Amino acid sequence: MWKYYALLSALFAALTAVFAKIGVKDINSDLATAIRTSVILFITWGIVLAGNHTAGVKGISGHTWIFLILSGAATGLSWLFYFKALQVGDVSRVAPIDKLSVVITICLSFLFLKESASLRVIIGALLITGGSIVMLIK
């Protein structure tokens, strides 16, 4: 089932890039990010409330809070830089370069989470890196 969720994530990430490029055309990219984040906040809390998942907040450990806050801060910074890049660059070049995050994630998961890196994963990461380098060259 995770593969279907990952494919849907990719589809909506692609739509995000195209919609964002159009959305940041006439406004400050930071304001655009704030609007986008507000929509995400509304949708996700709506899902939590509709699913009656708020009781789980009491059981969240301090360790979990720290890493969720760090993840949120990293996400926010990523979005701010992504929207700025979209505002000044071509979405067809920005989005693939942004996907270097996949390669960085693979490296970090290997180093810090001790996940295995199979030959297939390494080859895939190298191909993504090569593609991103091609996109960087004008």
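How many nonpolar, polar and charged residues does the lining of the largest pocket have, by class? The lining has 13 nonpolar, 3 polar and 1 charged residues. The points below set this pocket within the rest of the chain.

1. The structure is a predicted model. Its secondary structure comes to 6 helices and 0 strands, and the pattern read along the sequence is α-α-α-α-α-α. The C-alpha trace spans about 50 × 45 × 25 Å along its principal axes. The chain has 138 residues, and buried residues make up 12% of them.

2. The largest pocket: volume and lining. About 500 Å³ of space lies in the largest pocket. Its lining consists of 17 residues. Those that lie nearest the centre of the pocket are Phe12, Thr16, Arg36, Val39 and Ile40.

3. The largest pocket: contributing elements. Three helices each supply at least two residues of this lining: H1 (2-23), H2 (29-50) and H3 (62-88). The largest share comes from H2, which gives 7 residues.

4. Two or more residues of the lining come from each of H1, H3 and helix H5 (100-112). By class, the lining of the second largest pocket has 4 nonpolar, 4 polar and 3 charged residues.

5. Arg36 and Trp79. Arg36 lies over the face of Trp79, at 4.4 Å from the ring centre. As for pairs between aromatic rings, the count comes to 1.

6. Helix H5 and the residue after it. Does the span of H5 agree or disagree with its number of residues? At 1.5 Å a residue, the 13 residues of H5 should span 18 Å, and the end C-alpha atoms are 18 Å apart, so the two agree. Just after H5, Lys114 takes a positive phi of about 60 degrees. Lys114 is not a glycine and lies in the loop between H5 and helix H6 (119-136). With a relative accessible area of 67%, Lys114 is exposed, because the cut-off for that class is over 50%.

7. The loop between H2 and H3. Asn52 and Lys58 are both placed in this loop. Asn52 has a positive phi of about 55 degrees, although it is not a glycine. The relative accessible area of Asn52 is 63%, which is over 50%, so Asn52 counts as exposed. Lys58 is likewise exposed, with a relative accessible area of 79%.

8. For Lys58 and Val91, 33 residues apart along the chain, the separation of the C-alpha atoms is 41 Å.

9. Gly23. Is Gly23 placed in a helix or in a loop? Gly23 lies in helix H1. Its relative accessible area is 42%, which falls between 20% and 50%, so Gly23 is partly exposed. Gly23 and Phe83 are 60 residues apart along the chain, and their C-alpha atoms are separated by 9.5 Å.

Notes
Residues are numbered from 1 along each chain as its sequence is written. This is a predicted model: local features need pLDDT of at least 70, side-chain atom pairs count only at pLDDT 80 or more; totals for chains, interfaces and linings use all residues. Side-chain values use heavy atoms; hydrogens and water are left out. Rings of Phe, Tyr and Trp (its six-membered ring) pair if their centres lie within 6.5 Å; planes under 30 degrees apart count as stacked, over 60 as edge-to-face and the rest as tilted. A charge sits over a ring if NZ of Lys or CZ of Arg is within 6 Å of the ring centre and within 35 degrees of the ring normal. On a 1 Å grid over the protein atoms alone, a cavity is a set of points where a 1.4 Å probe fits but cannot get out, and a pocket is an open set with protein on both sides within 12 Å along at least five of seven lines; lining residues have an atom within 4 Å of a point. Grid points are joined across faces, edges and corners, and a volume is the space filled by probe spheres set on the points. Helices (H or I, at least four residues) and strands (E, at least two) are DSSP runs, numbered from the N terminus. Ala, Val, Leu, Ile, Met, Phe, Trp, Tyr, Cys and Pro count as nonpolar, Asp, Glu, Lys and Arg as charged, and the others, Gly among them, as polar. The expected span of a helix is 1.5 Å times one less than its number of residues. Buried means under 20% relative accessible area, exposed over 50%, partly exposed in between (1.4 Å probe, protein chains only).
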